[in-house]
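This report walks through a structure for a reader who has not seen it before. The sequence and the model come below, followed by notes on selected parts.

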Amino acid sequence: MARKKILHITYDMRIGGTEMVIKNIIEGSDPAKYEMSIFCIEQPIGPWGKELKENGIEIFSKHRKDGFDLSLITEVRACLSNQNIDIIHCHQYTPWVYGALAAIGLKTKVIFTEHGRFFPDSSSWKRKIINPILSFFTDHITAISKATKQALVDYEFLSANKITVIYNGIKALPKANKIEKDDLKQQLLIDHDDIVLGTVARLDPIKNHEMMLNAFSDVVVKQPKTKLVIVGDGELLITLKQQCDKLNITEKVIFTGYITKPSMYIQIFDIFLLSSLSEGTSMTLLEAMSVAKPCVVTDAGGNAEIIDNGANGFVTKNDMRYEFAIAIEKLMVNNEARIKMGKGSLNRYEKLFSSQTMNAEYSRAYD
């Protein structure tokens, strides 16, 4: 039986959540069943693009012009014909527009996956007209969470009946040993009896580190033997450091900057925090679960679908400093609850959010 030729259409293959999904689908697919390639509608293709290319994955790319680029449709269409593509898997809205239009009249089937939404969400009269037409030429639509699916119905005028939810899946982090973790704690000047809270996210307003720091300042008053580790870089670094000074928690907060592979940092956390105002499926949240970390998250996007409130962590109302602080403190004072919820995280990850589970779902969609 001939292999199905599948072309992933995306912006680029830089290091990010959507790109990790594509990478995991390709690396976890059955090479006897599928021949996969990528079309990037922007350049450069990014570090993961280079890595996949070196490993034999064919990558096509074109620099998208400002505005609506008609030549890009022609380029994608030529690729579909020349490569005899059976399925295009379009990741996110703009790649879907170009991919669906390029495939009209060809044998190529179209799948569209929505990976997340902007905050605050919005729509337009253009999309009300265009999206049902694009949907007509699309064979299958998936969303990474129930919240994302509902947003497609509410803001993109797509039929709920045509959309299925396939949760993002990741490979479990390789487990670190105690010596490695102790060494990292020593480097970060964390005492052996400190409870370590941590997050991994770009320093962007959407991640709401400001609320996290305010909540942490409340926690420190009652629980002084604690540290907060913030892994990531971004536009708010100076602002957040100034906030720490004002809250008098500078000595308790560690900003690591950007870390290419933050696996080791996640593994020194006792509790993983996510304070986002908006979220699709946080890959770092899944990574924390894969190494049995209890989590405290805000009720944003897909967070409440990932964290089973009270079973593997706590879900608090969005942007509510005091609720967030109370949830953190509940876990800090109860070591038994931390261990139990950590095991709950690992079990939930293995059941719903592993890359194997995700790949099986996408394989069914392709077939």
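## The sheet

Strand β1 (residues 4–10) is paired with strand β4 (residues 87–91) in the parallel sense, over four bridges. Within this pairing, His-8 has His-89 in β4 as its bridge partner. The model is a predicted one.

These strands belong to an open sheet of seven strands with parallel pairing, in the order β3-β2-β1-β4-β5-β6-β7. At the edges are β3 and β7 (163–165), each of which pairs on one side only. From one strand to the next, the twist averages 25°.

## Helices on the sheet

Strand β4 also takes part in helix packing: helix α4 (residues 93–103) packs on the sheet and touches β1, β4 and β5 (109–114). The direction of α4 makes about 155° with that of β4.

Helix α6 (residues 146–156) packs on the sheet as well, touching β5, β6 (140–143) and β7. Its direction makes about 165° with that of β7.

## A buried aspartate

Asp-69 lies in the loop that runs between β3 (58–61) and α3 (70–82). Its relative accessible area is 3%, so Asp-69 counts as buried, the cut-off being under 20%. Apart from neighbours within four places in sequence, Asp-69 contacts Lys-62, His-63, Arg-64 and Tyr-98.

Phe-136 is located in helix α5. With a relative accessible area of 66%, Phe-136 is exposed.

Definitions and conventions
Residues are numbered from 1 along each chain as its sequence is written. This is a predicted model: local features need pLDDT of at least 70, side-chain atom pairs count only at pLDDT 80 or more; totals for chains, interfaces and linings use all residues. Side-chain values use heavy atoms; hydrogens and water are left out. Helices (H or I, at least four residues) and strands (E, at least two) are DSSP runs, numbered from the N terminus. Buried means under 20% relative accessible area, exposed over 50%, partly exposed in between (1.4 Å probe, protein chains only). Contact means heavy atoms within 4.5 Å. Two strands pair if DSSP finds at least two bridges between them. Axes are lines fitted to C-alpha atoms, for helices over the stretch in contact, and angles run from 0 to 180 degrees between N-to-C directions.
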